[in-house]
Amino acid sequence: MEGVYLEHLVVMVLSLGVLAGTLCQVDDGSENGTTAVYIVTLKQAPASHYYGELRKNTNVFKHGVPRNPKQSHNPRNDSRSNQSSSSYIARVHDSLLRRVLRGEKYLKLYSYHYLINGFAVLVTPEQANKLSRRKEVANVALDFSVRTATTHTPQFLGLPQGAWPKAGGYETAGEGIVIGFIDTGIDPSHPSFSDDSSLNSYPVPSHFSGICEVTRDFPSGSCNRKLIGARHFAASAITRGIFNSSQDYASPFDGDGHGTHTASVAAGNHGIPVIVARHHFGNASGMAPRAHVAVYKALYKSFGGFAADVVAAIDQAAQDGVDVLSLSITPNRRPPGIATFFNPIDMALLSAVKAGIFAVQAAGNTGPSPKSMSSFSPWIFTVGAASHDRAYSNSIILGNNVTIHGVGLAPGTHKNTMLTLISALHALNNETTVATDMYVGECQDSSNFNQDLVKGNLLICSYSIRFVLGLSTIKQAIATAKNLSAAGVVFYMDPFVIGFQLNPIPMRVPGIIIPSPDDSKVLLQYYNSSLERNETTKKITRFGSVASILGGLKANYSNSAPKVMFYSARGPDPEDNFLDDADILKPNLVAPGNLIWAAWSSLGTDSVEFQGENFALMSGTSMAAPHIAGLAALIKQKFPSFSPAAIASALSTTASLYDNNGGPIMAQRAYSNPDINQSPATPFDMGSGFVNATAALDPGLIFDSGYDDYMSFLCGINGSSPVVLNYTGQNCLSYNSTINGTDLNLPSITIAKLYQSKTVQRSVTNIAGGETYKVGWSAPYGVTIKVAPTRFCIASGERQTLSVFFDAKMNSSTASYGRIGLFGDQGHVVNIPLSVIVKVTYNTTTNI
């Protein structure tokens, strides 16, 4: 892995927490120990910290008229110009290991050069202890695992009429911007990543210096002017003996599907036909269809991923020169230590932000419980998942005129034709019984059934927990129906599958899945009541129930949307493992994440039902994050000098608070029956609101902050000084003052504990023309607030400080919410959400 040499070196030590004792052992006289992967950090600054100083002198924040990105000076290229320096840093790391572990076996996995000056190494605990005692070494920590967390969303977000025309149309939307993806790789053959879709010039940005690996799975020519970089990182997984090269692909190729999907959501080409199961579902486009894609594969289908590999991927992406970094991944556990912010991934992203890279991360799919957030730090833009207005509905009409709604991307039966229903359990051949195959009702093997009974009829199959676990599949049941010449297939929900939310699944024959156990009972009661049996033998003599399937291929766009999905992780942001609340709003906002059509790898296995297809319909915060990555590229294109915080501000302050019917955005509150269990969303559900792509390109005012502000915040955490030194190589004593989370210049105000009263300040910068703003607010329940000034006039490029006075009027540990609005006379509206959790008044002895 290439890097940059500077005079300053930092080694970050992080140990990886999965045992791999058979791979490496100490061969001196000491007792053999179990090996694990550790990330080691040195006490001086990495390359990007030098870049940060260079950036201060070369990249002045310009307000008002945006400049041409092709004329933008990028100091990151300057700091990478001497490619031989990377090998020098690697030699420094090797020398340290040889001196400390002389005569012992070890395996160095990575040398980190750009964001973190350190290395990942496979050693025993005894060897790790030796490293930790060296004066050059700042920290040694154990590794942890991570996991992965559209045809219509551009229209729902208003891109064709709003944001794209502002960028010159979809033909130029995102041009010159590189989006890096830390994910499961990419399928380079997909038309979403072709570079021949436009006759216009499409040069690779000069500030990007990444490469494309060439392997058997990823041959020469896989990259082009669209897909301009591709690497894979798996050293940590390989040391554990869990990497399967034939299944996981030792290359950037995506054997899962997830990475191809997320990359196309953000930057897939415009107008690519979505054809699944021979049905056409429209044309797909990424949010920034002209942006360039760089892929850093660090997650894999069979095991997920590990922090050492993810940090290596982030380090390389920053060194290559990406502008936006998208991570649809979250840790498998809350980071240990004095604060959740101090973990290798977040700290690597802090250095990336210092280098001018906007970092986007999925919130996680662990909602709807409070404090379920899996993305913690204020320098990372955290995205929750919301619905959009498109839905696919399917229905079955029974012979007794009862209509049951279900799901299934399937054609219907012939109009005005009622077909006989026959249960799989009543269509067994003479050799098969439920006693010999208790799962035979799931229709996974056509040899179990009598074709003469099934032919031309609707086959009823059971949908059990085995489908949820992937042990049975809809695709195989459809194959069974086709082999038996069934006219279609109907799935009823097993009563033991409670509250499971089912995405529409493609079917090549008429079919429907009834997701409700109650509706499934209605179907089965009608079916059983219509059977005719021989009074003596009790054998069925006639199948009397009939039905017609309407089909679910046609989308409707009448749904109330957006709404925060039940699985989207919620705030408050947990500051530590004791679940203390941080003074940081998470998520930052929500974006479309439910039922998203996007590209799929030709060999993707993440969803059995979409295997072999070029597109897949997926849901999760993993799908929401790349929407924001693509929109951030549009902002970066228009405002090349925007800092990551400025981009975050533009997205946040312009977010919508209302759905498409003018009502408040709702949040689903339960996994079971989520559309019934919902209430108005709070900032801990949706952050600043639902992204408004067009307004984000004209925010009016910007809340800006930078690396030094985040460092002052980290140094303000009690007992953090040694940890800050370990991770960054910087001494908190060099910062004259520290701040808490409330004092960060964020486009929101969150107060975890309001003791009596507090004054909070925010500073805004005008990036538009001169404008006069009026200030309005609504106070959180149990709190009074005042804002000064209540009116101000601000010229282009000027700054204005706002003082917000909070006063607790009751004792409560229940969070309450409010908002501040800045209303400009030129049409700009700036939204600042307020959240106060614990409130304590004067003269109280009440325990909160």
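Biologist: Which cysteine does a disulfide join to Cys-443?

Modeller: Before I answer, note that this is a predicted model, where local features need pLDDT of at least 70, side-chain atom pairs count only at pLDDT 80 or more, and totals for chains, interfaces and linings use all residues. Residues are numbered from 1 along each chain as its sequence is written, and side-chain values use heavy atoms, with hydrogens and water left out. A disulfide here is a pair of cysteine sulfur atoms within 2.5 Å. With an S to S distance of 2.1 Å, the partner of Cys-443 is Cys-461.

Biologist: Why is the disulfide of Cys-443 and Cys-461 called left-handed?

Modeller: It comes down to the torsion about the S-S bond. The disulfide is left-handed because that torsion is about -100°.

Biologist: Where do Cys-443 and Cys-461 lie, and how many residues apart in sequence are the parts they tie together?

Modeller: Helices (H or I, at least four residues) and strands (E, at least two) are DSSP runs, numbered from the N terminus. Cys-443 lies in the loop between strand E20 (419–423) and helix H12 (451–454), while Cys-461 is in strand E21 (residues 458–463). So the pair ties together parts whose separation in sequence is 18 residues.

Biologist: Is Cys-443 buried or exposed?

Modeller: Buried means under 20% relative accessible area, exposed over 50%, and partly exposed in between (1.4 Å probe, protein chains only). Cys-443 has a relative accessible area of 0%, so the word for Cys-443 is buried.

Biologist: What is the torsion about the S-S bond of Cys-715 and Cys-732?

Modeller: These two form a disulfide, with their sulfur atoms 2.0 Å apart. Cys-715 sits in helix H20 (residues 707–715), and Cys-732 in the loop between helix H21 (721–728) and strand E35 (749–755). Both Cys-715 and Cys-732 are buried. Their disulfide is left-handed because the torsion is about -85°.

Biologist: What is the relative accessible area of Cys-212?

Modeller: A disulfide joins Cys-212 to Cys-223, S to S 1.7 Å. Both cysteines are in the loop between strand E7 (178–183) and strand E8 (227–232), 11 residues apart. Cys-212 counts as partly exposed because its relative accessible area is 24%.

Biologist: What is the pairing of the bonded cysteines, numbered in sequence order?

Modeller: Searching the whole structure turns up three disulfides. Number the bonded cysteines of the protein in sequence order, and the pairing reads 1-2, 3-4, 5-6.
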